[in-house]
Amino acid sequence: MRNPQSTLLSTDWNEEWKALQADRRSADDPSFWDKRAKHFKPRETHPYARDFLKLADIHHGESVLDMGCGGGSLAIPLARQGCSVLACDFSKPMLDVVREGAQYFQVDTLVETKLLAWDEDWNEAGMKPKSVDVALASRSIATADLEGALVKLDGTARRRCCITLVANASPRYDEHVMNAIGASVTRSHDFVYAFNILIGMGRLPEVAYIHSPRRDTFDSLDAGVADFARMLEGGNEGKLDELRSYIAAHMIENPQAGQPGSKGEPQGRYMLDHVRMVHWAFISWNPSEPVHQI
């Protein structure tokens, strides 16, 4: 009798991940985030970051790697609670923002920044094995080699690793809008690949979920259509008229126009009359023990 689990257990989930990436648009490069860095001025902890840190359960005084740190939404509050943080990103302007935030909160002695990308050789970049207590990657794993990224985090941390990956459709999509205009949405469930790769690595990953509300804002109907039109790909390109009609019928004044937005840019004059919810899978695991020479 055929074992119903045989395909699941024999699947090369990293190869499946690579195939998935080949069908997606290219990930944003450092220059994209360089331009956005000026808008990232973390002065308070975002609800998503608060939820992430609660689940991460990092102890006072621990050392932490924050890989893909962005503007420091995790690195700064961690330093404020007494952790020493190595904040890494492939965007130099983002690291400048982290340093500025660390100085603003007077925790610059606890935050070290490092220009580092996922696909670099971490050993050559000076990342020593088992050099931190906890390794984090919050919404930042952008690489075709997912297993390689997980191995790097696993090899750098002594006690705990924590990541988040999307748990439904890409955060680029508003499923409410897409359903309303009759457009199709692919739900990739990225976290499933990481979970299965970790199982294959011999880890015991645990999964929780963070439900993160987002408001997409814009300054005019044309600007809103241009922004949301990014969602019309993969066979949905013919839905532009339906998209325009929907936005025209559902755009309302944004009472927080001009304030910092979730995309790192000032909020626009208008928003839609519903809140978009992005679901993130928070995956944590205990890394491998260091190898001791006999």
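The model is predicted, with local features requiring pLDDT of at least 70 and side-chain atom pairs counted only at pLDDT 80 or more, while totals for chains, interfaces and linings use all residues. Residues are numbered from 1 along each chain as its sequence is written, and side-chain values use heavy atoms, with hydrogens and water left out.

Helix α4 spans residues 47–56, and Y48, A49, F52, L53 and A56 in this helix are buried (under 20% relative accessible area, 1.4 Å probe, protein chains only). Seen down the axis of α4, these buried residues fall within an arc of 130°, so they line one face of the helix; the arc is taken from the directions from the helix axis to the C-beta atoms. Their cover includes α5 (75–80) together with β4 (132–138), β5 (157–166), β6 (206–214) and β10 (276–285), where contact means heavy atoms within 4.5 Å. Just after α4, D57 takes a positive phi of about 55°.

The structure holds zero disulfides (pairs of cysteine sulfur atoms within 2.5 Å). For C69, the nearest cysteine sulfur, that of C88, is 6.8 Å away, and C69 counts as buried at 5% relative accessibility. For C161, the nearest cysteine sulfur belongs to C162, 7.3 Å away, and C161 is buried with a relative accessible area of 0%.

The second largest cavity is lined by D174, R214, R215, D216, F228, M271, L272, H274 and R276, which divide into three nonpolar, one polar and five charged residues.

Technical notes
On a 1 Å grid over the protein atoms alone, a cavity is a set of points where a 1.4 Å probe fits but cannot get out, and a pocket is an open set with protein on both sides within 12 Å along at least five of seven lines; lining residues have an atom within 4 Å of a point. Ala, Val, Leu, Ile, Met, Phe, Trp, Tyr, Cys and Pro count as nonpolar, Asp, Glu, Lys and Arg as charged, and the others, Gly among them, as polar. Buried means under 20% relative accessible area, exposed over 50%, partly exposed in between (1.4 Å probe, protein chains only). Helices (H or I, at least four residues) and strands (E, at least two) are DSSP runs, numbered from the N terminus.
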